[in-house]
Amino acid sequence: MNEAQARARHQQQVEELCAASIRALAGESDLHFRARRLHRGRTLLPLYAPHLHPSLEIDDFGSFRGAADGLALRLAHSDATVHQHLAPLASAEPIARLVFDLLEQFRVEACVPPGLPGVVRNLRHRFEAWSLGFHHAGHTETVRGLLLYTAAQVCRSRVTGEPVVEATEDRIETTRGKLVPLIGHALAHLRRARTDQAAYAVHALAIARSVAALIDADDDTDDLASVDADPDDPRSIFAILTEPIGETLEPFAAAASGRSKVLDAAGGTYRVFTTVYDRELTAVTLARPALLAEYRARIDQRIAGQGVNGPKLARELRALLAQPAIEGWDDAQEEGRIDGRRLAQLIASPTERRLFRTERVEPRADCIVSFLIDCSGSMKEHSESLAMVVDVFARALEQAGVASEILGFTTGAWNGGRAQRDWRRAGRPAHPGRLNERCHLVFKDAATKWRRARPGVAALLKHDLFREGIDGEAIEWACARLLARAEERKLLLVVSDGSPMDTATHLANDAHYLDHHLRDVVARIEQARQVQISGVGVGLDLSPYYSRSHVLDLAGSTGNTVFRELIELIGGRRRR
């Protein structure tokens, strides 16, 4: 296991341990981490407070235990409905809402049940670690950052009865002298009201609005972006402002799925009415060279504007996918296995020490990655973004020594085409099964180098290829191509924005005929373990179909976020 895989595995283990601790302390059985965020079932829970989100790159395991205890106390001792009702509106008073949420977290951290001193230590350790990280990252160098940091230190100290963080006490002294007289009355009542959420909220709201008023009145022209230069920094108190505060619903809907009565009645046997019109096409032959050149220029311009670090991406992929392999022998070594061919030298020169040979072990990526893209009509709007992503990955994988394919699936016609006409001529027999012209597209095959495949990838921008989607058969096709390859490790990433959809098939069978078949196909592939299959949902959660899945937000993601997320998925991180 290489370093990147070990890091992903370690992250998953830490999350599982923390989730178990949270479930035990909060008394809720359906809590789990997904994509590094806490969920209740399929509901994404709020951030609550910035110090509850440690990072493996920055923090120790004690910080994760403290954050887990803090999340559990929030769920156990804070009524979300009451909190939402009493809190200021995030859209109108964002800073006041941030402080109000933070003060509620301090309240529950002061409500640790008797007999749990370890929880108190964990909470203190986590808050101190976050405080020092926030300070050393330079967030206290601005007036706004220092004011919010001081408010956090003073209020938590008052509510819990613990001292402020000693290392930064001198740094906040002047700001504390300015702040405390303004919030003194409300601050004095915080600890006494800590067991009554509604009464506590009255004083917390007064403090939150006083702090917000100080920030609004401040002449410092720094905006929030300048205070928090890195929005992904988990130490920043401003990270909580990057999502709608109080939003508890998962931002992406899950794919709708169900069982097909027709398939169940047939014992799970999937039918195809006719394969006469099924085709497998090379995408580069489907458009004029001049049009492909125009499409290619658009993709290249998009990649240039994205600022992707291709060599770095290739190194990360190589680290994830390469395994140590014996690539021969190094002769004339001073240790290792005796080389019989050099024993004569020992007789001729008794002082000769280079009589050994060692195996030469080098990383080798004995792997192939295949992208299978849903070319249904709703994917047209994402075609340029997807073409950019898969093109960058194809080039980076080639530089990493990994073979790649870019495939697509669609139908030859809308609403059944010639297959449906044949069915009508046959008297419309009941339950005909799949009732359209299947069309599989090859944008880049594994034997073609990236440079030669560039026009083929550009064909992804040809919108008249996008019709309907028959996912299950396409996955079987893509897996068959992978299994015909000699590489030891085979990865398939299925990119889609919805459930399988073919109008003619649905009308002639039932609404879940194709997605039921898709689930059966994926389950069979996952059970065989010959191909590692992952679902990449474009704005949609595909977890009803794939046990390993991830949602891509192509509209909202910036920079290299999409590439980092796909690297994690390729590296084997399991998304629940």
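This is a dialogue on how to read some features of a predicted model of one protein chain.

Visitor: What does the protein chain contain in helices and strands, and how many residues count as buried?

Guide: The protein chain has 20 helices and 13 strands. Of its 576 residues, 52% count as buried. The accessible surface comes to about 26,000 Å², and carbon and sulfur atoms account for 51% of that surface.

Visitor: What do the contacts say about residues at least 24 apart in sequence?

Guide: Take the contacts in the protein chain between residues at least 6 apart in sequence: 77% of them join residues at least 24 apart.

Visitor: How do I read a sheet, and in what order do the seven strands come?

Guide: Strands of a sheet pair through backbone hydrogen bonds, and the pairing is either parallel or antiparallel. In this model, seven strands make an open sheet with mixed pairing, in the order E4-E10-E9-E8-E11-E12-E13. Its edge strands are E4 (279-282) and E13 (549-552), each of which pairs on one side only. From one strand to the next, the twist averages 20°.

Visitor: Which strand pair could I follow residue by residue, and how many bridges join E9 to E10?

Guide: Strand E9 (residues 403-411) and strand E10 (residues 438-444) run antiparallel and are joined by six bridges.

Visitor: Which helix lies across E8, E9, E10 and E11?

Guide: That is helix H14 (residues 383-399). It runs at about 170° to strand E8 (367-374), and strand E11 (489-496) is also among the strands it lies across.

Visitor: How do I read the buried face of a helix, and which residues of H16 are buried?

Guide: An α-helix has 3.6 residues a turn, so residues three or four places apart point the same way. In helix H16 (residues 450-458), the buried residues are Trp450, Ala453, Gly456, Val457 and Ala458. Their cover includes helix H11 (289-306), H14, E9 and E10.

Visitor: Which strands form the sheet of three, and what is its pairing?

Guide: This open sheet has the order E1-E2-E3 and antiparallel pairing. Strand E1 (31-34) and strand E3 (43-44) are the edge strands. Strand E2 (residues 37-40) pairs with E3 over two bridges, and histidine 39 stands opposite leucine 44 in E3.

Visitor: How do I read a single residue in a strand? Is serine 534 buried or exposed?

Guide: Find its element, then its accessibility, then its contacts. Serine 534 is in strand E12 (residues 532-538). It counts as buried because its relative accessibility is 1%, against a cut-off of under 20%. Beyond four places in sequence, serine 534 touches Leu492, Leu493, Val494, Tyr546, Arg548 and Leu569. Its C-alpha atom is 7.6 Å from that of serine 547, 13 residues apart along the chain.

Visitor: Where is valine 164 found, and what is it in contact with?

Guide: Valine 164 is in the loop between helix H6 (143-160) and H7. With a relative accessible area of 10%, valine 164 is buried. Leaving aside neighbours within four places in sequence, its contacts are Arg124, Gln153, Val154, Ser157, Glu169 and Arg176. The C-alpha atoms of valine 164 and glutamine 153 are separated by 5.5 Å, and the two are eleven residues apart along the chain.

Visitor: What is the case for threonine 175 in helix H7?

Guide: Threonine 175 lies in helix H7 (residues 169-190) and is buried, at a relative accessible area of 14%. Apart from neighbours within four places in sequence, threonine 175 is in contact with Leu146, Leu147 and Thr150.

Visitor: How many disulfides does a search of the whole structure find?

Guide: A disulfide is a covalent bond between the sulfur atoms of two cysteines. The search finds zero in the whole structure. As for individual cysteines, cysteine 155 counts as buried at 1% relative accessibility, and cysteine 479 counts as buried at 5%.

Technical notes
Residues numbered from 1 in each chain as written. Predicted model: local features only at pLDDT ≥ 70, side-chain atom pairs only at ≥ 80, totals over all residues. Heavy atoms only, no water. Pairing = 2+ DSSP bridges. Helix = DSSP H or I, 4+ residues; strand = E, 2+ residues; numbered from the N terminus. Axes fitted to C-alpha atoms, helices over the stretch in contact; angles between N-to-C directions. Contact = heavy atoms within 4.5 Å. Buried < 20%, exposed > 50% of the residue type's maximum accessible area, 1.4 Å probe, protein only. Areas by Shrake-Rupley, 256 points an atom, 1.4 Å probe, with all protein chains shown as cover. Disulfide = S-S within 2.5 Å.
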